[in-house]
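This report describes selected features of a structural model.

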Amino acid sequence: MLETPSYMKLLPTETVATLGRLEFLAKGIMEGTISGRHRSPHKGFSVEFAEHRQYVPGDDLRNLDWRVLGRSDKYYIRQYVDETNLRATILVDASGSMKYRGEQSAVLDGKRLSKFEYAQHLAAALTYLLIHQQDAVGLVTFDTELRRYIPAKSKPSQIRQILQELEQTEPGGETSIPPIFHDIAERIHARGVVVIISDMFDSAEEIIKALHHFKYRRHEVIVLHVMAEEELTFPFNSFTRFKCLENPEIALPIDPKTLKAMYLDKVSSFLKTLENDCGKLKIEYIPMSTAKPYDTALAEYLTARRL
Amino acid sequence: MLFFNIWFLLGLLMISVPVIIHLLNRKSAKDVMWGAIQFLLDSINSRRQKILLEEILLLVVRCMLVGLLALVMARPFIPSGSGLPWLVVLPLGLLGIASFAASFALLDYPIWRKRMIAAAIACAILASGLVGLQKWLNFSIFGSSGKRDVVLVIDGSTSMSRLNESGISYFEQALQEAMELVEESPRGAAFSIILGSDVPHVLEAAPIIEHRRLTEKLGMLQQPGGELNMLDCLAAASICLSQGNNASKQVVIFADEQACSWQSSSSSGWKMVNKAFKKLSTFPQVTWRTYAVPVNYRNVSVSDISPSRDIIGADRAVNFDVTIENTGNEAITPGILFFEIDGKKMTDNTLGQLDVGEEATVSFKHRFLDSGTHIAKAYLTTTDELSADNERQYVVPVVNRLSVLVVEGRPGDNFIKKSAGFLTLALLPNQEQIISMDDSSEYLVQPVEITSLQLSKITDFSMYNAVILADVQRMPFSVSSALASFVKKGGGLLVLPGEKAEPKFYNEWKYNDEALMPLKLVKWTKHYEEPLKPALATFRVETLARLLSEKDNDFTTWLIKGAWDVDDSACDPNKIEGRYNSGRPLVAVEQFGNGKIIQLTTPLDANAGNIVSRKIYVPLVHQIVYALAMPSRTDLNLTSLTAENFALSVGLGGFENSGLSHGLKSMFYKSHKETKYSLLTKTSKSVKNIDFDWKNKGPKYAPVDTFAAVFEGIITPTVSDEYEFILEGDDRAVLWLDGREIVNLKNSGTISGKTKLVANKAYKFRLKYEEDSGSATIRLYWQTANIPKEIVPQIYFSMPPKEQKNLPTGIKTFAIGPNEKKFQMSINQQGTSLYAQMKTPPVPGAFKLEIPTMFADTLSWLFEYKSDFIPFVISLNKEESLMSALSDGELADVTKFVDIMSTSKLEDVKASIEGKSFGKEIWRFLAVGVLFLVLAEIVLSRWIAVQRRTGKEERVQFEENAT
């Protein structure tokens, strides 16, 4: 019996089960090389056999090559030229602020999830889903710099690659979102989907400008804004020394009561700005509190997306 | 500022509680790893100032609250006369607390924090330093060792003679209480005793600690009466206290609440008391044991005795108006009023019930038969609260006949035209008595009429009281000098210049360079068409005041047809006592030496106007003569104030009359060789003229050789001319006139010098003579074109009035006062007046002053009839009879300068001696502050909570944004 590799932790059975039925359908028109479920900008219907690909459970049986099955007892899917595929790149924020755990986040395996862990799971699930749809998925981890860029591929082995990378990534370092975005926007050639999983703790203005860049490159951008409950309620009462997760030298000993109102106001206005501006840019903005189990949240989102 | 419960000040440590809470909060800080640091940073930046302010405010208010509470519990008070205003210490303390609190709110701002701590420490040190200093200054106030100096001021005023419920006088009660206080006082307490009256009687000046001696002294005290002068008593108390050795000082007053004693309106007086108290080692504590003023107070007093005339002679009867006043606060019936004089007793039964404050006057008529001083006594026999004021005495000086010399300037004319005819008639109606000077004459004024010719023979006017010159033209120099000298010595002169008067004489009439006439005659003017009239409003003569105020007087119908135009440019306008309706002077009065000169500008005869036919003529003439002729007006009816030093005779000189004498003052000196001459006093005397031949010797008491002499005086020639002065002598002499050297004899022999002299001018004369050896002579001659050479005659020399030789310190004598007590007195000569001083403190009552023989002649006219002492009376001030209590406002005026604790309980006084202090408690004031702070804290925290939205559970809108 094979040992489950550690990275598979990121894809617990329940998640897989939950995600089984879901599809990640790209909103926009995708450019792709392999015919998938996504509409292609190319008009016409040329049903030309391109190549086989290994059958993965969950694939649509319509495209199963029965002949090959009959011949070799192997399951293969026929991929046609005109099926375009999604090319998605998942941007995962690995900065120090994502380390925040809190007491109210969802529990997994008896442990409360930090924002990063939440993000990891989200990214894993999405990766799985997309690969399963024969879409290409890439990964970017970043903090102040681009840590790792795995270009989007649809090979099944991509799951392993991405999950491995996710598992090895230790969040830390400071946040610097806008430059990264600009960089990625340049690197990704073809139109695709950009999924940003981050707490977005940077200048809203700069972030929006960077998101603009993505839209300019005609990507579909989805922002999964991950935040902890505490960051939204600021439930501190007694004197606290707030230590910055990104810069250990910053420590703020304050009486939280004196700042609560102002803090909440500031967070609120930040969120509003993001929301509004994302709306203007036709960027999907999904707020996700770590209190809600990620699979539920993701499922809800995907369901809503389908509609 | 001091504290009753000073240990409660430890409660100030409680201000650390809010601070500690604050610190503990900070200490218990939990560490939280936080991601959204940016938002926090932003929040901090936006709210930094506000947060700080809120923190500081809260902490400060809380700390101050606790601090004030601790202060209130410590019961602070301001001890009397606190020199360190609590207005400084209290805010300092609060400021210190505030800074201390603030410093903890500023833990994150080191610089400010350090400043606050520094401020807090500074305030704390300053405040506690001030309190400590004050405590040290007042330290024995807290010590119950009782080592203090106490002055007992006992009110001996007449009002204290009222009886209390137990039937003894308040004075007695005060004495008993004072004795009790001394007996029960702690061991180290030293006491002085002051008996309060018009003048404080200091019985024990330096505080003593032998309590037995003190109680003995207290037991022997007699009530002096009079009015309590609190200011003087306290001033005396400060002197007593300054002689004490203890650090703690106190004044205990046993007095009733009578307002007049306190003189609360005299802020300058109280300021001085405050100053005197401040000079002591500690500001004394003043405790006042009060005796209540009765609510129902029955009292009637004889408030005044007043004769109907100023100048009372033996010529006719005089009325005495006795005023009775109800000085209580209930109606009272005075009963029978008695009036005793010259052994005669008169009664009056007419007095009915008097309402509160009502007065009634009863008149008694009496005729004196003898001159001298007489005593009148009026008294009631009613029983009322205060018996001392039911009696009053009055000293009446009765004068002898006044001898007046009337000089007729128009002797040859008929009666109507005579100037003095009507005058003499007015002064003495009976013709026959004009010439004779019969002792049994009934009339006060005895006029003697002479003609101006007869005048020239008179050289001595001292037998007369006054001289009247009625239209006298002029008189010889010798007469005018003698007359001037008479006035100088105290005589009166009335000058009535008519048409005949010679301006030159009057205007140039001088005595020792002093002009006699205040107004210079210029021209006799006739006013037939439009006669002049006197302007009533301008008449200020006080002697005429009574006369002119009488109804129906016809003074203003006096028409003046002839008067002198005068030059009053050199005259002091105050000397002009009356004017015509034209504004020109009518009468001027001049004080000349000890006497008086009244100069009119029109004669009081039929030639110049119609005055002689006016009704007012006779009284007018009499009044003027009285004004001139009275010997010094001495009032022997005194109050305690005036009794300390009062005049017996004004201007009559002492026992040595001053006056003009002809001659020169001479002074002899031992040796002219020394740089400073040493005077041989025994040889100083007056000399007639300079005509000496001492042969080979010298004057008595002077050495034979090398002596010197100086002759000084005044020379007044009668003729203007060029005078040649000749000095003949051995060895040397120099003559100066008015400081100028005229003749200088340098060697034995003769020498002369010339100078021009003006008639009737007084020149300062000085001649210095020096003898070496051998014969000693000196002679001064003069000659002019008209005067052959002669030794300068004595008559032209005069000496300035001798400086009054003051008696060294006063002649000791005594006066017998009430209860046959002897009062030490002394008689002093001041200038030309004699004064009597009371050495023993005065009390109200009648006194007989014993006169030493050397004054007998001068003062004999004041002696009581048929005796050889002078009576005087010290009367009670009417205020003393009124028992008006000291009002709160008046007490407040006093306590501004001296803090007084008043109590009606002896126990409180005893407690204060033992050091149980008191002062103005301010805890109430502070308690209000505490309340205010509590409210402030509540409001502040509420407001801050609202601002911070600490109550609400909030969550930022998030998932609702899901698209």
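**Chains**

The model is predicted. Chain A contains nine helices and twelve strands, and chain B contains 21 helices and 49 strands. Of the 307 residues in chain A, 55% are buried; for the 963 residues of chain B, the buried share is 52%. In chain A, 74% of the contacts with a separation of 6 or more are between residues 24 or more positions apart. In chain B, 74% of the contacts between residues at least 6 apart in sequence join residues at least 24 apart.

**Helix packing**

Two packed helices are described by the angle between their axes and the distance between the axes. Two such pairs are listed here, one from each chain.

| Helix pair | Angle between axes | Distance between axes |
|---|---|---|
| H3(A), residues 115-132, and H4(A), residues 157-168 | about 175 degrees | 10 Å |
| H6(B), residues 170-183, and H7(B), residues 211-219 | about 180 degrees | 9 Å |

In chain A, helices H3(A) and H4(A) pack at about 175 degrees. Because angles over 145 degrees count as roughly antiparallel, H3(A) is roughly antiparallel to H4(A). On the H3(A) side the contact involves A:Phe116, A:Gln120, A:Ala123, A:Ala124, A:Thr127, A:Tyr128 and A:Ile131, and these meet A:Gln158, A:Ile159, A:Ile162, A:Leu163, A:Leu166 and A:Glu167 of H4(A). By class, the residues of this contact comprise nine nonpolar, three polar and one charged.

In chain B, helices H6(B) and H7(B) pack at about 180 degrees, and H6(B) and H7(B) are therefore roughly antiparallel. Helix H6(B) contributes B:Leu175, B:Ala178, B:Met179, B:Val182 and B:Glu183, while H7(B) contributes B:His211, B:Leu214, B:Thr215, B:Leu218 and B:Gly219. Six nonpolar, three polar and one charged residues make up the contact of H6(B) with H7(B).

**The two faces of H1(B)**

Helix H1(B) covers residues 16-27 of chain B. Which residues of H1(B) are buried? They are B:Pro18, B:Val19, B:His22 and B:Arg26. These residues cover an arc of only 100 degrees around the axis and therefore lie on the same side of H1(B). An α-helix has 3.6 residues a turn, so residues three or four places apart point the same way. On the face of H1(B) turned away from the buried side are the exposed residues B:Leu24 and B:Lys27.

**Backbone geometry**

Most residues other than glycine have a negative phi, and most peptide bonds are trans.

A:Met200 has a positive phi, near 60 degrees. This residue is in the loop between strand E8 (193-198) and helix H6 (204-216) of chain A. A:Met200 counts as buried because its relative accessibility is 0%.

B:Glu820 also has a positive phi, near 60 degrees, and belongs to the loop between strand E43 (811-816) and strand E44 (822-830) of chain B. With a relative accessibility of 67%, B:Glu820 counts as exposed.

B:Asp730 and B:Asp731 are joined by a cis peptide bond, with omega about 15 degrees. B:Asp731 is in the loop between strand E35 (721-730) and strand E36 (732-737) of chain B.

**Two buried residues of chain B**

B:Leu386 is placed in the loop between strand E15 (372-380) and strand E16 (391-399) of chain B. Its relative accessible area is 0%, so B:Leu386 is buried. Residues up to four places away in sequence aside, B:Leu386 touches B:Thr158, B:Ser159, B:Ser161, B:Arg162, B:Tyr297, B:Asn299, B:Glu880 and B:Ser881. B:Asn299 is 87 residues from B:Leu386 along the chain, with a separation of 6.2 Å between their C-alpha atoms.

B:Arg948 is part of helix H21 (residues 923-948) of chain B. B:Arg948 counts as buried because its relative accessibility is 6%. What is B:Arg948 in contact with, leaving aside neighbours within four places in sequence? Its contacts are A:Lys257, A:Thr258 and A:Ala261 of chain A, together with B:Arg47, B:Glu54 and B:Glu55 of chain B.

Notes
Residues are numbered from 1 along each chain as its sequence is written. Chains are lettered from A and ligands numbered from 1 in the order in which they are written. This is a predicted model: local features need pLDDT of at least 70, side-chain atom pairs count only at pLDDT 80 or more; totals for chains, interfaces and linings use all residues. Side-chain values use heavy atoms; hydrogens and water are left out. Axes are lines fitted to C-alpha atoms, for helices over the stretch in contact, and angles run from 0 to 180 degrees between N-to-C directions. Helices (H or I, at least four residues) and strands (E, at least two) are DSSP runs, numbered from the N terminus. Angles under 35 degrees count as roughly parallel, over 145 as roughly antiparallel, 65 to 115 as roughly perpendicular and the rest as oblique. Contact means heavy atoms within 4.5 Å. Ala, Val, Leu, Ile, Met, Phe, Trp, Tyr, Cys and Pro count as nonpolar, Asp, Glu, Lys and Arg as charged, and the others, Gly among them, as polar. The expected span of a helix is 1.5 Å times one less than its number of residues. Buried means under 20% relative accessible area, exposed over 50%, partly exposed in between (1.4 Å probe, protein chains only). The arc is that of the directions from the helix axis to the C-beta atoms.
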